[in-house]
Amino acid sequence: MKALVLTGGAGKTLVPFSATRPKSMTVVAGGSLLRRTLQHLREAGITDVTIVLGQNGSVVENAFGDGSSLGIHLSYVRQERPQGIADAILCARGKFMPGESFVLVYGDVVTSGNPFLQLLQSFNTFKSPIAGVCLPGPPTGRYGNVYLSGTRITKIVEKPQRPGLGNYVLSGFFILPTDLFSWLEECGKDMERVFERLTTGVGIHASIWEEGWIDVEFPWDVLAANRMVMDTWEEARISRDAKLDTNVTIVGPVRIEAGSVVRAGAVLAGPCYIGRDCYVGNNVLVRSYSSLGPGSIIGYGVELKNCVLFGGARIGRLSFVGDSVVGEQVDIGSGTMTVNETMDRSPIAVNIRGTMVESGLTKLGAFIGDRAKIGAGNTLAPGTVIEAGTIVPHHFTVPKPR
Amino acid sequence: MCGISGVASFHPIHDRLYEGVHQLEYRGYDSCGVAFLENQHIEVRKDVGTVDEVDSRASLRNLAAHVGIAHTRWATHGKVTRENAHPHLSCDGRFAVVHNGIIANFRRLRERLEQAGHRFRSETDTEVIAHLVEEHFRLTGDVESAWVATLRDLEGSYALAMISTYDPERIYCARHESPLIIGLGSDANYVGSDFNAFIEYTKNTVILDDGEYGIVAKDSYAIKSVRTGEVIEKPVTVIPWDPELSRKGGYPHFMLKEIHEQPLAVRTALAMEDPAIGKVVEALDSARRVYVIGVGTTYYVALYGQYLFAELADLDVLPVSSDEFRYLDKSDANTLVLAISQSGETYDTFTSLRHAKDRGARTAAIVNVVGSSIARLVDHVILQGSGPEVCVVSTKAALVQMVLLTRLAIELGARRGLIDRSRRDELYSALHRLPGEIETLLNEQSGILRALAYRHAHMHNWLFLGRGIYYPVALEAALKMKEVTYLHVEGMAGGFLKHGTLSLVDEHLRTLIFVPPRTCGELYNLTVSSVEEVRARGGFVLGFAFEDTPELFDEAVMFRASHPLTAPLLPLVGAQLLAYFTATALKRNVDKPRSLAKSVTVA
């Protein structure tokens, strides 16, 4: 079976990262969301994958190429303007043969295990279209409610009439026949009407996913997803090509990739991830749920806690980065603090494109876009967003006399 | 899209090719066929239709051969005819090929081959491959070189498998832009479009990549590059797959499946026109003493029945746990023993019935499994027809048993003149609304209960309280919870609290209270007083209540009931979900909790 993965959504609320990369290229636990999805597809025996690219699609192409590094065959189609899911699906029409069924994947969700095995099994059992469904953490009403009778989906309600319902929701994984393309055209590119047609006509069954599932919408969802994935790690894995000094303390499921160097006095508390070719300096404290992307350089005495560094970051000595997400090639000067708590420990709101959105979290640091530079000695307020490429000057308390 | 399957085996293929293509039918099914090697000869059986239709005409099963390939077709080139169905043979019948994909340059190849004297039988692009291999074999005299030369001639997309009389032990395969994988079994190796082709026999697979070809024998395999001919080492992937999963049909666990089957199971139990119900009602009416027996969940079902019979039919029954029955049994000819058992094999219940029978008692049972020991032993058996229950923790079977006891109590009340026609209609229509109410609960409240379960899963001690008929509900709910979560959960009557248990209440204990609808008057008021007793001592109270209840709790789930008769069963379903989600939060073995068995057939 072939798969179609949609990565074209603009993902505007995932500030500051959506400006420079598609949502699916957000990193959790050492790998992008898309990499996880492609690996899961391969594990399920699905090796012919088409990806629909939108804005910043070249980031995807540069990362995966023809897919051979992942053992799959990748091809790409471009959605020129973001015109919704239906339009994205139709872009890939030429990649599928009539009469086939294929796996449709929304590229911006993270699961704790591989959802495709169960999805294929459901398809095999019912020999009918399949929609993955799940129960999102606390009911939010964000995703549209699914109604089931047994596993048959009887209706899908996009805008529920009553608030606070705890329905199953679409999890973003489907197996659908190629007839979908003509249905989409007949229904005026309206997914809702296509689903209505499926539920009242051919029939569509649910495949219920009971493990972890997160739709990455806001920047703090990256931290939740990172945590969810790391919680599935059970053992430490340290590459034989990593270099560890004596007197390095390792506790719990710590993963260290090839080429990394960890200096004496460092303490790594799992679950945490040190990607390829990282440098972890003397006396660095890496606390649990920290993910260091490839090529990160962490200076002397830095403390990292519950944070995701996409890769290539440089963090100067004696800094603290906690409850934060740091983009690619970010430079953080020494002595920088991401303050992660308000004085009264109230929940922290974040400025999402001009609107303050409650994260519901009482501990939250900063979100720093790709290639930003933060000068030494800065303290960043809880929930700060720093756009990609921003330069924040050094912060001196005692200026040089003029 | 088409499906390919192949087997090279120490033992006869038997049904394995048939099973393989059967499992691949989802990939397309306008025609299908098999080819296998027998006595230096390739036999092809193929036709138009589904795998089962073709099997009934051409017999694809019980094959004695050791090497064979099979195909299920979804036409792209050429009409749906027997000739166009795969496998395709070469002119001399010594090569048979199956193919998934499209050969882009097949017209050119076909012209070339026709000029060389090859005669084609079908309109397919696939047939050129068989002839092409034959042509190359004529030059090289070696199957593998002929195969590689053929692959180099092909343009387009393909997954291929081929057998030949010149190399009768092996299957040759290749892929380019269409999927093909190899399966490594203990007595055979397989090829397939995907692992459905052989999942029943092995979970070890090697995935072929573009530009690679494979040679698969019963005890070995090799993968080589088409371009260089070099052997390529590939990792073996183990499919984390359980064939049992398919029976779960879209659900992650049998427990959730069975919880979701409850609306259907209740509908079935209500639609049932069982003459046994009338006979059991008659026996209940005439008996001077009635025991209702069960053990574990079914004992709580019996307790539930006690409240129903008392309220609706003015009948005083004695619920007894079957493991204790023999010490209490005072049966005689005027006694009825009504047993409840899902499996119908429960040892304690079976021996209790025997004991009572020996003393001359009449016996009846509510049983799910047809033809079970208890079903055969008793005078009257009500078969609940709830379908197989696989999860060790009983959900739908227990709920249906409660519904059937409700039916018995209504019928007995009517027989005794306590329930008139309009009241009986009212009660039945309440029962008939129950499946819909459960369905709404499952749809609209699953997420609420899951969030609740995940918030509280870290608590080790739980108290489940209820009064009146909500007392057996609390007991049954507590049993569900402890069975599947391994947490300490005590079910208790609300009135018991201040006679001892209240001393346990502190911040390390969660209390779940089953509150009846407000319309229940005194029962409601007394239950609410338990809420206050616990909260006054700093205990955290979760309420399972109905929508008319004011906010009395630290946290609450509000159910919607239409009638007091069926109301208790809704929070019970809620408690099943709470137990299920708490178990998944704690990563328990939901369907097979430690130390427990589905049917306890020992003392």
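Here are some worked exercises on the two-chain model shown above.

**Before you start**

This is a predicted model, in which local features need pLDDT of at least 70 and side-chain atom pairs count only at pLDDT 80 or more, while totals for chains, interfaces and linings use all residues. Residues are numbered from 1 along each chain as its sequence is written, and chains are lettered from A, with ligands numbered from 1, in the order in which they are written.

**Exercise 1. Find out what scores the model gets, and what pLDDT chain B averages.**

Step 1. The model scores ipTM 0.86 and pTM 0.74.

**Exercise 2. Work out how compact chain A is.**

Step 1. Start with the elements: chain A has 7 helices and 38 strands. Helices here are DSSP runs of H or I with at least four residues, strands are runs of E with at least two, and both are numbered from the N terminus.

Step 2. Now take the radius of gyration, computed over C-alpha atoms, and the globule rule, 2.2 Å times the number of residues to the power 0.38. Chain A comes out at 22 Å, close to the 21 Å that the rule gives for 402 residues, so it is as compact as a globular protein of that length.

Step 3. Along its principal axes, the C-alpha trace of chain A spans about 75 × 45 × 35 Å.

Step 4. Buried residues make up 51% of the 402 in chain A. A residue is buried if 20 or more other C-beta atoms lie within 10 Å of its own, exposed if 12 or fewer, and partly exposed in between, with C-beta atoms placed from the backbone.

**Exercise 3. Say which residues and elements chain A brings to its contact with chain B.**

Step 1. The contact takes 38 residues from chain A and 37 residues from chain B.

Step 2. On the side of chain A, helix H4 (115–126), strand S9 (145–149) and strand S12 (205–209) are the elements that give two or more residues. H4(A) has the largest share, 8 residues.

Step 3. Sort the chain A side by class and you get 15 nonpolar, 19 polar and 4 charged residues.

**Exercise 4. Identify the residues that touch the most other members of the largest nonpolar core.**

Step 1. A nonpolar core is a set of buried Ala, Val, Leu, Ile, Met, Phe, Trp, Tyr and Cys residues joined through C-beta atoms within 7 Å.

Step 2. The largest core has 248 residues, and Val103(A), Val133(A), Ala365(B), Ala474(B) and Tyr580(B) touch the most other members. Helix H14 (residues 396–415) of chain B gives the most to this core, with 12 residues.

Step 3. A second, separate core of 74 residues includes Leu63(B), Val98(B), Ala146(B) and Ile182(B).

**Exercise 5. Decide whether Ala339(B) is buried or exposed, then list what it touches.**

Step 1. Ala339(B) sits in strand S17 (residues 335–341) of chain B.

Step 2. Ala339(B) counts as buried because it has 30 C-beta neighbours inside 10 Å.

Step 3. Leave out residues up to four places away in sequence, and the residues that Ala339(B) touches include Ile293(B), Thr349(B), Ala365(B) and Val378(B).

Note on methods. Two residues are in contact if their C-beta atoms, placed from the backbone, lie within 7 Å. Ala, Val, Leu, Ile, Met, Phe, Trp, Tyr, Cys and Pro count as nonpolar, Asp, Glu, Lys and Arg as charged, and the others, Gly among them, as polar. pLDDT is the predictor's confidence in each residue, from 0 to 100.
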